[in-house]
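Keep the sequence and the 3D view open as you read.

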Amino acid sequence: ETVNSVSVDKKDITKLGDIVSKFTSSQHQEQEYFSPEGAQTNQQEFSYGNTIELDENLPTSRPTQKPRFLSMDPVQNDLKLLGVKPLEPDDYNIHTPPLPRDGSPLLVSISISLRNILEIDELRQLITLETTMRLYWQDYRLNVSHLLPTNPYSNASDDYILLHPDTTHYIWFPDIYIDFAKALRVPKFMVPPASLRIYRNSTARYATQNNYDVACPMNFRKYPYDTQICKVKYESYGYTTQKMLLKWKKGFDQSKVTANNSISLAQFDYAVKFEEEYREAIASGEYPGVIMTIVLRRKINYHLLQTYLPSGLFVIVAWLSLFLPPEAIPGRVTMAMTTLLTLAAMFGAVRQNTPRVSYVSALDVWMCGCIIFVFFTLFEYVIVLCLIYRKTDQEDYKEKSHNGTNVVALQSLELSDNNFVQHQENIQKKGNLRCCLKWRKRNKDKKKQQKLNSALVIERRKPCTVHLVVEKVCRSLIAIMFIMFNGIYWTFLFYEEDAMDIPDFINQD
């Protein structure tokens, strides 16, 4: 087995030597291929791997220079195929834009495919997008007609040649940048996701995929039912409108974007609109640009279940405590204080997940309103207790005063009765009207008992019902005020000055 492996290695080395000798012997033919005449006559021998079909009958004994492997440097080979890097460097200047022959500005078309909305950072007011950008412009200095088939309609895919993306460093390229972009990332594994095409009519198409963070000023006054409008601006940095124009390129369906219907956002509904004829006017001139507008409308379902429903139920629980009797002090105080503290803790937790802004948002108004209503129920109970204890003190004072006057009256009655008894005894001693003494004595006892009963009876005051009236009025008043608060709040929250649905926004043009 060892002898066989050694013989196989010797055969491979012999083949490798033959290949190297063939490349060295074909050095003079490489020059013919890179000359303009040779490129036209030998256009069928090129393929996108920068390889050359070699003739096995080429002589191998001619001494030549050092062998050149074309596939090791595809960028340089592509440049030579395009004629961008000829022997005379003045023939192509990458700093000169390919202006049309009539002197009009160069038209650069742009197309955006929104692949995904990766993140919406509300605290830092940033939006992360993943897009595929395509740029189209025409450069008459790039001629690839000699590298394409004779009949362009035989195969549509052969109407352009595909070049290495790094070739863009050696040709004129539009200086497009993303305004207010914080970071730009290229998701690549080994080779960057980019391509360069040159069509038969000298139109260059460059496509690349990247993701970036763009600043998006947000307004949270109607949070959590707010609508954010993020404008992503693509504009030229150095060329004014006199040299270059930038417009959206419409596709086969006359659309300016390839929409990705699979984008799903947890808290937002989104819409994309494209605006053109954007010009940034500064002191040095007007610079062309286009705008991609992304509309984000927040879904309120999450906050309805997590914030509005629990806080509203806590207010109702505090209102139900008004139906307990005022004597149940522990029960009423516990219900009011528990709901108040729970709402305060919920309000603090919600504020941690919302942007820290100096103005008041709609959610702040709701939480503060709920806390105020719960505080009213506690404050109303304090007033009722004050009325009850004030009434008790007044009744004790009046009872004491009535007891003192009754004692004096009883003493005076006892003295008058004693005098009356003595007077009757004197009459009885004299012997007058003996037959009527018993009747008069009974009559005297009855009158005495009546006077004593009338003196001992304390004047009863009518029961005080002020605190009960206050309780009844507060029950109705707090319920009516909370219903009115809900009506005004939700009307304001869902009202929009320039209300427009997302489908209407997309179709507006």
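Start with Y177, which stands opposite E235 in β8. Before going further, a word on the ground rules: this is a predicted model, where local features need pLDDT of at least 70 and side-chain atom pairs count only at pLDDT 80 or more, while totals for chains, interfaces and linings use all residues. Residues are numbered from 1 along each chain as its sequence is written, and side-chain values use heavy atoms, leaving out hydrogens and water.

Strand β4 (residues 176-178) runs antiparallel to β8, with 3 bridges joining them. Strands here are DSSP runs of E, at least two residues, and helices are runs of H or I, at least four residues, numbered from the N terminus; two strands pair if DSSP finds at least two bridges between them. β8 is also joined to strand β11 (residues 285-298), again antiparallel, by 9 bridges. Look for K233 there: its bridge partner in β11 is I291. As for cover, 7 of the 10 residues of β8 (227-236) are buried, meaning under 20% relative accessible area with a 1.4 Å probe, counting protein chains only.

Now turn to the helices. Helix α7 holds I372, which counts as partly exposed because its relative accessibility is 44%, and that class lies between buried and exposed, the latter being over 50%.
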